[in-house]
Amino acid sequence: MKSPGVATVYRWELTKLRYQKRTYLGLGAAAAVPILFVVAIHFRHDRRGGDFAFASYLTKSGLAVPLVLLLFGAVWLFPLITALVAGDIFASEDHNGTLKTVLTRSLERGQIFGGKALAAATYAVAAIMLSGTVAVVAGSIQSGFNSLQSLSGTIVSAPKGLELVYLGLLVYLIPIAAIVCIGLMLSTITRNSAAAVVGTLMISLLIQLIGILPGLSGTQPYLLSTQFNAWQGLLRTPTDWAPIIHAAWVCACYGLPSLATAYLVFLRRDVAGG
Amino acid sequence: MTDALASSQPPVEVRGLVKRYSDLIAVAGVDLTVEVGDVYGYLGPNGAGKTTSLRMMLGLIRPTAGTVALFGRDPQASVRALDGVAGFVEAPTFYPYLTGRRNLELLAAFDGHGAPTRIDQALETVELSDRASDRVGGYSHGMKQRLGIAAALLRDPKLMILDEPATGLDPGGMRDMRVLIRRLAEQGMTVVLSSHVLPEVEELCNRVAIVQHGRIVYEGRIADLKRSAGTTYRLSTTDDQRAMAVCRAQHGIRDLRSDHDKICFTADEEAVATLSQALVEAGALIRALVPGTATLEDLFFSLTEGEDGARPVSEPEPVEVSR
Ligand SMILES: Nc1ncnc2c1ncn2[C@@H]1O[C@H](COP(=O)(O)OP(=O)(O)OP(=O)(O)O)[C@@H](O)[C@H]1O
Ligand SMILES: [Mg+2]
C-alpha cells in the first residue's frame, strides 16, 4: 500500500469541500453573477454601451461578457470567492478542533499544509473557470458567439476570441494565486474563518485604495489590484506580454512571503484547545 | 515500523518536561517512564497539567523544556514517532459534516499501513456500526468518545494515549470503556490514561503518576503507594474528646480527623497497638476500631492536599475528585 502524502491530503480536502455549504455558496455566486449580468444586458440593450472596455460589444458578442466580468469582478468578487475557501481551510480545523485529530496520524504538518494549500488553489481555479464558462455560454445565448474587437481595434474571430477569453482567465489567476496565499496566511494566523475571509477581501480592497491616494499613484504598477488587469495585454495586437510578466513577479512578491508565513506558522504552532 | 527499536525502548520516556504559557506554568518538570504492558494512570485534579503533558507526548505542542521519547523517538522531530501510537487529548474531534465512517476513512487514509482495512472491525469494537452512516454532527458525546477510540484502533497501536476517556459517559458507557481498555491491555497494548476519576484508575492501572500544579507528587505502583500510605482506621470510644487528644499525642498517627462521631486516622499496625493501650490508660475505652482499606482517593488527598483535608474514609461509590 502506498504511504499517505500530500496527494492523500489534497484528495480528502476536495472531498471535504464537497460536503460544505460554503463551497456551493462560492461556486453558486461564481455562476450566478455572469447570469445576472447577462440578464441585465438583455433588459438594457437599448442603451448603447458604457465608457468601459468591451462595453459596446456586450450586445454584439457573448465573448465580451466574461471580459467585462473580469473587469468588474476583479478586485472584490473573485477575491471574495477565493477567500471564502482559502481563508477557511485552516481556520475551520480550529473551529472544529480537528487539527489534533489529523496531526496525530501519519502525516507531517508540511504534508497537511501542502494538500490544503493545493485544495484552496484548486477551488479558486474551479470558481473562476466556472464563472468564465457560464459567462461565455450565457453571453453567447444572449448576444451570439460572434467575433470581437480587441483593445487595439482589430477584429478577433469568435474561436480565437474564445481562446483569448480562457487565456485571459488563466492570467487573471496569477493575482488570484496571491490572494489564495494571503487567505491561507490569515487563516493560519487568525485561526478564525470570518476574520480571515473578511481580512483577505479588505487587503485586496485596501491595496487598491493606496493607488488612488494623492501622491501615491506611482505605486500603481506594484499594487496587487493593478495585476488584476494584466490579462488585458492578451487582447492587444500584437499581444502585450509586458503587463503579464510584470504581474507574475509582483504577485510572487505578495504571494510567496504570505505562503511562507502561513507554512511556518502552521509548522510551529501549538495545537491546543478544541 | 521499526519493531526492533520499538521493543528495546520504553513506550514513553519523559524527562524534565516543562510547558509555560506566559506567566502560567502548566507543566513544571515532569519525569516519567511507561514500560511495555503498563496501564499507566496519569492522575490529577482539574488544571493539574494532564492534558498539556499528553499534548506534548503527541507532538501537538512544543515543550518549553525537556524531552519526550515514544519508543525512543521524538514526536517533535517527526510524526514518524507516532508510528504504533494512537490516542486523543480532551474530547476526540471529527468533521461534523462527514459521517462517522467517512471520518474514519479520512483518518485511515492519513494513516496508511493497512488502516483502511480495519475500519469495519474498529466500528464493531466500539459498537457504532449501525450509526456509522450518520453525520458526526448528530452524534452524542458518548458516541464521539467511542468513535475516538475507533479512530485510535485504526492505527493498530502498541501504545494508546487516552485523555480522560470516560469523561461525560453514563455509568454503562464508563463500564464499557473500562472493559474495552482492559481488553486492549490484555492483548498486550500499553495504555497511558489520564483521569481524575480515581476508582477508574484504581481498577485499570498498574502504575500511576499523580500530578498537581504541573508536578508529579507520586510515581509508582499503586500497591506500593497503598502500603506506604498505611491503613485508615475508624475509632469509636466512650470518650471521643479525650481519645482525640490521646491520638494527637501519639506517634505514628497520621491524617487525624473527626468525622460523623468517629475518629479517623491513618497508621500502621504497631502504632495502633500502642494507641489502644494509651486509650485505655486515659480512660477512653474502645467501642470500635475498624480498619478500612485506603482507596486511591484517600491516597490522592493525603498526597495533594496535605494533612488538613477532612475526608470520609473509603466510600464505595465512584466519586469525581473535583468539579
Ligand atoms: N493553550 C493554553 N493557554 C494558556 N494556558 C493553558 C493552555 N492550555 C492549558 N493551559 C493552562 O494550563 C493548566 C493545565 O491545563 P490542562 O488542560 O493541562 O489541565 P488538566 O490536568 O488536563 O485539567 P482537566 O482535568 O480539567 O482536564 C491550566 O491552568 C490551564 O489553564
Ligand atoms: Mg484535561
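Start by selecting residues 6-18 of chain A: this is helix H1, with 13 residues and 19 Å between its first and last C-alpha, close to the 18 Å expected at 1.5 Å a residue. That expected span is 1.5 Å times one less than the number of residues. Helices here are DSSP runs of H or I with at least four residues, strands are runs of E with at least two, and both are numbered from the N terminus. Before moving on, note that this is a predicted model: local features need pLDDT of at least 70, side-chain atom pairs count only at pLDDT 80 or more, and totals for chains, interfaces and linings use all residues. Residues are numbered from 1 along each chain as its sequence is written, chains are lettered from A and ligands numbered from 1 in written order, and side-chain values use heavy atoms, leaving out hydrogens and water.

Stay on H1(A) and colour its buried residues, among them Trp12(A), Glu13(A) and Leu17(A). Buried means under 20% relative accessible area, exposed over 50%, and partly exposed in between, with a 1.4 Å probe and protein chains only. What covers them? The cover includes helices H2 (21-43) and H7 (109-143) of chain A, and also helix H3 (100-111) of chain B.

Next, click on ligand 1, which sits between chains A and B. Of the 14 residues around ligand 1, Asn46(B), Gly47(B), Lys50(B), Thr51(B) and Thr52(B) come nearest; a residue belongs here if one of its heavy atoms lies within 4 Å. By class, the shell has six nonpolar, six polar and two charged residues.

Now zoom in on the ligand's oxygen atoms. A polar side-chain atom of Lys50(B) is 2.7 Å from one oxygen atom of ligand 1, and for Asn46(B) a polar side-chain atom lies 2.8 Å from an oxygen atom of the ligand. Ala48(B) uses its backbone instead: an N or O atom there is 3.2 Å from a ligand oxygen atom. Taken alone, ligand 1 exposes 630 Å², and the protein buries 66% of that.

Which element gives the largest share of the shell? Select H2(B), which supplies three residues and spans 50-57. This helix is mostly covered, with eight of its eight residues buried, including Arg55(B) and Met56(B). Just past its end, Gly59(B) has a positive phi of about 75 degrees.

Last stop: Ile210(B), in strand S8 (residues 207-212) of chain B. Ile210(B) counts as buried because its relative accessibility is 0%. Its C-alpha is 9.9 Å from that of Ser195(B), 15 residues away along the chain.

Methods:
Contact means heavy atoms within 4.5 Å. A polar contact is a pair of N or O atoms within 3.5 Å; within protein, one must be able to donate a hydrogen and the other to accept it, and residues adjacent in sequence count only if both atoms are side-chain atoms. Accessible areas come from the Shrake-Rupley method with a 1.4 Å probe; for residues, only the protein chains shown count as cover. Ala, Val, Leu, Ile, Met, Phe, Trp, Tyr, Cys and Pro count as nonpolar, Asp, Glu, Lys and Arg as charged, and the others, Gly among them, as polar.
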